[in-house]
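Visitor: I would like to learn how to read a few features of a protein model. Please take them one at a time.

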Amino acid sequence: MASGDNPALFSPYKLGNFNLSHRVVLAPMTRCRALNSVPNDALAEYYRQRATAGGFLITEGTMISPTSAGFPHVPGIFTEEQIEGWKKVVDAVHKEGAVIFCQLWHVGRASHQVYQPGGGAPISSTRKPISNKWKILMPDATYGSYPEPRPLAAHEIPNVVEDYRLAAVNAIKAGFDGIEIHGAHGYLLDQFMKDGINDRTDEYGGPLENRCKFLLQAVESIAASIGADRVGVRISPAIDHLDAMDSDPRSLGLAVIERLNKLQFKIGSKLSYLHVTQPRYTAYGQTESGPHGSEEEVAKLMRTWRGAYVGTFICSGGYTRELGIEAVDRGDADLVAYGRLFISNPDLVSRLKVNAGLNRYVRATFYTHDPVVGYTDYPSLEKGNAGRERLSRL
């Protein structure tokens, strides 16, 4: 534990083979700036601005296949053009001395026919659509309803596992230091894990062991291809985002962790990390009488999972400077990932270190497609609007 004048949040950390200079992580955040799903100069500038020497960045959710999109203009990593686009991003980040992982993403039922090849139904564990409590962002910037998905047949699941594996291999080809498997927030893998969604009666449904199977198959396949130390996993057992409810989130989290621990022992190598989001991530987890209890009850859940996992533990979900310092100082996490605060503060690490004021983020520009406005034009403490000026020269 560091002193009050030098909180552990800003102290070095050994993440596998990487020597980090601090514990503040850029969380994955969808930003919709990869026009036609190809990373471009705007993405390179955005990530470069948020890179620090010895810092750790995780990219926005990145599509593993043509069926995996649920937002307009999100990047993929399944074509050569996309790989080449990501190389520019990775190179820009590495020049700043930072480490960067690519988050691999399949949204499953959180999609729409307009995003699917041939206008087909999105795939999932179930036929149940996401309720009208939630809306999907359409290509024309309007919001629509989620359609009925198509449940994957058991024999199709190995094909999707292979999509994850190939995407991971492509990420390494693009120069990424590793990948994060997105198994959280109501997307495809989470749709198999949560009993509020998964109503299957085959080998991928019913008991926890079956519901965790898809995720573990993806983890094991990717680890065998690129090395376990390059693989992170993100889960969110206690989050109800996109109707992703589970009747026993504590047991679900422990079941995933137990199986990840066993896999690490089996292959004789640790995964890079486990990344767990807590309910502050979504507005539906902010009330003290929320679906999974009070802040303290949720904190106990996070500590239970953190204590059970053998390896690096990252927490995320609405953390402030004070909450991040507390999480690391108390041993509740090794690293803390920040999302929305990093959108409007490209130099967030420096600001948090000196407890400087923060720029307010503009929610209306989170998912627009402008390569500058609401993306790379937030000022830093020292450089003002250098982001806008730099991008104009690219």
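Guide: Two strands pair if DSSP finds at least two bridges between them. Strands (E, at least two residues) and helices (H or I, at least four) are DSSP runs, numbered from the N terminus. This is a predicted model, where local features need pLDDT of at least 70, side-chain atom pairs count only at pLDDT 80 or more, and totals for chains, interfaces and linings use all residues. Residues are numbered from 1 along each chain as its sequence is written, and side-chain values use heavy atoms, without hydrogens and water.

Visitor: Which residue is the bridge partner of Ile181 in β11?

Guide: Val233 is that partner. β10 and β11 run parallel and are joined by 5 bridges. β5 (residues 99-105) also runs parallel to β10, with 4 bridges, and Cys102 stands opposite Ile179.

Visitor: How many residues of β10 are buried?

Guide: Buried means under 20% relative accessible area; exposed is over 50%, and partly exposed lies in between (1.4 Å probe, protein chains only). In a regular strand the side chains alternate between the two faces of the sheet. In β10 (residues 178-183), 6 of the 6 residues are buried, so the strand is largely enclosed by the rest of the structure. Gly178, Glu180 and His182 lie on one side, and Ile179, Ile181 and Gly183 on the other.

Visitor: What is the phi of Ser37?

Guide: Ser37 is not a glycine, yet its phi is positive, about 70 degrees. Ser37 sits in the loop between β3 (24-26) and α1 (41-49) and is buried, with a relative accessible area of 16%.
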